[in-house]
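Thank you all for coming; please have a look at the structure on the screen before I start, and then I will go through it step by step.

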Amino acid sequence: MANVTVIGAQWGDEGKGKIVDWLASRADAVVRFQGGHNAGHTLVVGDVTYKLSLLPSGIVTGTLSIIGNGVVLDPWALKAEVEKLTAQGVTINPENFAIADNCPLILPLHRDLDGLRETAAGAGKIGTTGRGIGPAYEDKVGRRAIRVCDLAHLDSLDPQIDRLCAHHNALRAGFGEEPVDREKLLADLREIAPYVLQFAQPVWKRLNKVRKAGAKILFEGAQGVLLDVDHGTYPFVTSSNTVSGTAASGSGLGPAASGFVLGIVKAYTTRVGSGPFPTELDDATGQKLGERGHEFGTVTGRKRRCGWFDAVLVRQACAISGVTGIALTKLDVLDGFDTVRICTGYRLDGKILDYLPSHAQEQARVEPIYEEFEGWSGTTAGARSWADLPAQAIKYIQRVQELIETPVALVSTSPEREDTILVRDPFMD
């Protein structure tokens with residue numbers, strides 16, 4: 001049996017939460033390996049809806065859930081999310097939840113800097129969630145980060161605090177802000193430390209033990225490949241690598257552990273925040289997609305931009321991330337459209353491209369080339385087998401997998417866990 005790595009193959013918000021939840025019920029461990037609490041997942045289990053931002057989706061099913069070292073952790077957001085889920089009846093304790101002790105922390109000064117930059121940028125803003133993710137990753141790379149393991153040694157943290165404050169105070173001065181209140185920062189860390197440390201451990205060791213025992217591990221990615229800091233629509237990207245290869249470095253397991261790479265793909269395209277979007281629809285059709293798909297961000301509540309399925313982008317994302325098969329989600333949103341379209345290429349300065357160029361200005365100027373399909377009047381909502389799908393919907397799915405050069409492994413037809421058509425079992429590959 002293979003391990004499974006789940007990633008978003010668009011700009012995030014593809015419906016990873018439901019798929020990860022569905023897979024987590026059959027896994028022995030679920031691992032978050034990058035990102036922070038800027039990643040929203042909504043799970044619907046029976047009559048209960050769970051909204052997660054930081055915790056691995058497996059926590060709802062009681063599966064061993066791990067936050068890997070590739071994640072940046074806001075300890076106060078963690079506590080709030082655990083308390084919220086506990087109030088919903090979810091059991092969370094050191095037996096079923098662990099945090100990498102070498103995981104960097106998101107501090108209040110990171111949130112401050114994030115907000116100051118976005119406000120000052122004006123029209124040039126990136127469109128971050130303002131939760132301090134980017135500045136926290138910057139401090140990690142700059143070797144200034146306070147990590148989970150440091151919470152057990154706060155009395156000897158002065159040299160690190162000095163280095164951190166020297167950097168941030170210079171930046172804050174440039175924005176006309178007061179210096180960091182280091183005494184308050186230390187007091188806040190002392191207060192939250194016992195709560196976080198109860199879950200802290202060298203998770204690479206625990207994961208290696210789990211793997212050697214033959215357990216099935218599910219690696220849960222956040223955001224999407226098109227938001228990858230290297231491979232996405234830079235600079236309108238997140239601050240981490242979202243591709244499947246990060247599962248190795250962000251968890252402490254080698255690349256061979258990644259197993260089946262499942263790319264989550266929405267049957268149309270959405271994006272939150274700024275940046276290029278070749279198939280975006282600023283018309284009634286785009287409005288209809290957004291309304292039917294309830295396209296509002298789980299974390300921010302921001303309205304998502306909507307457009308037709310872009311096979312060029314998904315093919316590129318699948319190639320870059322080594323996707324084995326895709327999970328096609330929210331097919332039911334397309335029910336009832338007279339016609340549906342798929343972008344099969346771009347025009348740029350008289351040339352036809354089969355990829356998205358790297359430069360932001362060229363990305364903004366590409367014009368989509370569409371292939372048009374007859375829609376379907378029947379419903380796909382709740383379908384659990386191919387026989388339940390209208391013929392035109394099946395043709396649409398078949399054309400999608402041809403264009404992206406990656407097979408469909410499963411199809412999701414509603415937020416409900418069981419409303420899933422399984423074509424290829426990732427854990428049995």
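This is a predicted model: local features need pLDDT of at least 70, side-chain atom pairs count only at pLDDT 80 or more; totals for chains, interfaces and linings use all residues.

Let me begin with contacts, meaning heavy atoms within 4.5 Å: among those in the protein that link residues at least 6 apart in sequence, 77% join residues at least 24 apart. Residues are numbered from 1 along each chain as its sequence is written, and side-chain values use heavy atoms, with hydrogens and water left out.

Turning to the overall form, the protein has 12 helices and 18 strands, which are DSSP runs numbered from the N terminus (helices H or I, at least four residues; strands E, at least two). Its C-alpha atoms fill a box of roughly 65 × 50 × 35 Å along the principal axes.

Of the 429 residues of the protein, 56% are buried, that is, under 20% relative accessible area with a 1.4 Å probe, counting protein chains only.

Finally, the aromatic rings: the whole structure holds six aromatic pairs, where rings of Phe, Tyr and Trp (its six-membered ring) pair if their centres lie within 6.5 Å, and planes under 30 degrees apart count as stacked, over 60 as edge-to-face and the rest as tilted. One of them is the edge-to-face pair of Y195 and F199, with 5.8 Å from centre to centre and 75° between the planes. Y195 and F199 are both buried, and together with F97 they form one aromatic cluster.

Methods: Buried means under 20% relative accessible area, exposed over 50%, partly exposed in between (1.4 Å probe, protein chains only).
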